[in-house]
Amino acid sequence: MKKQAKFGIGIGVIVISLGFLAWLGYGESKTYYHTIAELQTLQGNELTHRMRVGGTVAPGSIRRFTGRVDFVLEGEGKSLPVSYVGADPLPDTFVDKSQALVEGRPTDGRFVAEVVQAKCASKYEAAPGGTVATSTAKP
Amino acid sequence: MDVFGSFALLLAFICAVYAFGGGIAAILTRHPLLVKSTRQAGIATCCLIFIATFSLEYLFFSDNFASAYVVSHSNRALATFYKIAALWAGQEGSLLFWSFLLAIYVFSVLIAYRNKNGELMPYVGVILAGVQIFFLTLNNFVASPFKALGVAGANGAMDLVARADGNGLTPLLQYPEMVIHPPNLYSGYTGFTIPFAFALAALLARYPGEKWIHLTRKWTMIAWCFQTAGILLGAHWAYAVLGWGGYWGWDPVENASLLPWLTGTAFLHSVMMQEKRGMMKVWNVWLVFSTFILCILGTFLTRSGVVSSVHAFAQSSIGSWFVGFLIVIFLVCLVAYLKNRDYLKSENQLDAIVSRESSFLFNNLILLVSCVAVVSGTLFPVLSEALSGSKINVGAPFFNKVNIPIGLFLLFLTGVGPLLAWRKTSVESLKRNFAWPLMVGLLAGVVIFALGYREVYSLICFALCFFVAATIVMEFYRGAKVIRVRSGASYLTSAIELTMRNTRRYGGYIVHMGMVLIFIGLAGAAFNKNVQKEMQPGSSMQLGKYKLVLQSFDSKPEANYTGLRLNVEVFVDNKPLMMLYPERRIFETNGETGTMVAIYSTLREDLYVVYAGQSPETKLPVLHAYLNPLVKWIWFGGVIVVFGTLVALLPNRRAVLVLSGVPQPAQESLVHGMTPSPSVTYREGHE
């Protein structure tokens, strides 16, 4: 019985200390997901959270300045002006109409993003009525 | 060919249903003909899946742009090499590829054990068929790769159309690793189906003894080996292609591949407890179950896009199928366990805290904690939304905080565990085994500290790496010395002879050595540096000892893309060292760009140079350079791990010639009168 208690203590110490580290890491890195529409309804304390917002990059909205890139994200009929201020270059997949996920905080009506992830738009799917139809056949 | 392929898939589905239903009937009736016919239905299922997969490849190679899948993922100019890879570039093809790899495993198992283990195999066949039915349902009815392109015709019918050319393969996938990384990872995912099927079958059949463990050991190791290689190749792809300077970002899809690896690693270790001491039986069975469940979860995360990730290209309804399947597997496992749990009673108890058993116990515990942390972190957005309504994501700090200490503790156990005795270890043997390695490790720590490196985790990691490496070297040295005394061969020959006599044990040490090298590489990340600068021809930047000078930039049209290339000369101490050519590729077919990173890699560090884009005002190229120490050790370690696993898979060489004078115990009598367990025979050989 005594041996098992020893093991129990060992296991307990490991699990608790790792749990504590997890809790620290959680506090440091938690980010709230919001839609563009939700962002406009947030109030007070909620606006200071670090958050992630997803949307589609509005065509023609990407403007590059020194040290920042401005663009507009669209989703659910709403739009959100974003300034990207991160150090890393924007991903190759970040183009007009691509789906992008921005991470940062809203400041003075703009969303200031430190991280931008972009996912390829669904351009890989075959567009119905393909652009160059060379042959057609009845099923 | 598309009709042919989809017909083969449909037939495969029917055969799998028969193998499943008929298999259950065969178990109940024990009718030999029924047993045989369901086994053959299982084999036929596999063959039909092979045919379907080859017909999809044929569509790619014949540039059949009437097929929707081919149009989406290939074009005429695509190199042959990548036409093979295009098979798994999208959702439908990936799922077919899953079925294909699983079919290879199932086929091999059904053939290899066709006249053996008569009690167990019908159960195994039914479980494998059950898994195949799920994937064939997806292949046939949810995400068929054989859809033809169509448009709505005038009279309401669909008209088939063909295109002159396809959309091409996404440039991110046009990289050699992308041809080998997915097959490796998928072979890992699918491979764990085999141990799962055997474990569940043994439980259902109340199959006596530890035989299922002996039967599945090599399958588990093959799957584990593929999984390891797949994860590392994925990391290397991310490093060499994505151009962000790192190899691991705790992305949901990366995590998904790590999860079954963690439980699979735990399983590979804890089975030894069951083989040697008859302990941890419930634990082992649940480890295999969870490993398989995590493989399916991993496929689900990758394929469904439930957690947003750069990798998860597809957002589709396929998720609900996977959730349903996961629930079914879990319930089946739970019911089987509850019904037959008395079969899994432990034969022994833990004796002492300093023993082999306890090192395995802690190894398992922390691998599992790591797994739980990674699962919960990955699924946190989903879980938090379900529990509190707000979707919360956790990032790299969360994963690193938990997993770095776990990694270090595991590394420590890697050194200590194999040298502890079963049951209880004496103080003498602790001194004998650990005095030297401990000194080597401490000395290394002190030297590295004196050299000015103060990152705590890295410092501990380096010291532990030296410690573990010393324990492993010492093990080889001691064993080889014994053989050398008797045979007079050189140390190297003796060490090889030693390894060949007990491949499982010494192969395991080689795997451990590979892990040490990987840890050395990982610890280097604490010292990464990077600079980003707008450059005009002639201007330079300094990074560590390297001076980078932009000589010129040009653009070069290629078959499939246009390459914008920077010609960067690298100087060390004002002496020219080499040229690097970071490149951006513009793909005409879909207007995308791809980054080609230029890497100058040495054992000491990687100089990693990216053409980060053009400055919007000045139109000058922006160069981003990273200095990543020790990264090469990770890839090198990975090769050693794979090599060690292959060694451990070899059969043992009998020590007849060299040790002719030494009486050999009769191997067959050792483990329950079954297959000789190699590590028992020679374990105490030189202790």
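How many residues does helix α5 of chain B have, and how far does the helix reach from its first C-alpha to its last? The model toured here is predicted, with local features requiring pLDDT of at least 70, side-chain atom pairs counting only at pLDDT 80 or more, and totals for chains, interfaces and linings using all residues. Residues are numbered from 1 along each chain as its sequence is written, chains are lettered from A and ligands numbered from 1 in the order in which they are written, and side-chain values use heavy atoms, leaving out hydrogens and water.

Select residues 91–112 of chain B. This is α5(B), with 22 residues and a reach of 32 Å, close to the 32 Å expected at 1.5 Å a residue (1.5 Å times one less than the number of residues). Of its 22 residues, 16 are buried, so α5(B) is largely enclosed by the rest of the structure (buried: under 20% relative accessible area, 1.4 Å probe, protein chains only).

Next, select residues 2–29 and 121–142 of chain B, helices α1 and α6. They pack at about 150 degrees, their axes 8 Å apart, and are therefore roughly antiparallel (an angle over 145 degrees). Their crossing is left-handed.

Finally, turn to chain A, which holds two helices and eight strands (DSSP runs of at least four residues for helices, H or I, and at least two for strands, E). From the N terminus, the order is α-β-α-β-β-β-β-β-β-β. Of the 139 residues of chain A, 35% count as buried.

Definitions and conventions: Axes are lines fitted to C-alpha atoms, for helices over the stretch in contact, and angles run from 0 to 180 degrees between N-to-C directions. Angles under 35 degrees count as roughly parallel, over 145 as roughly antiparallel, 65 to 115 as roughly perpendicular and the rest as oblique. A crossing is left-handed if the near helix is turned anticlockwise from the far one by less than a right angle, and right-handed if clockwise. Buried means under 20% relative accessible area, exposed over 50%, partly exposed in between (1.4 Å probe, protein chains only).
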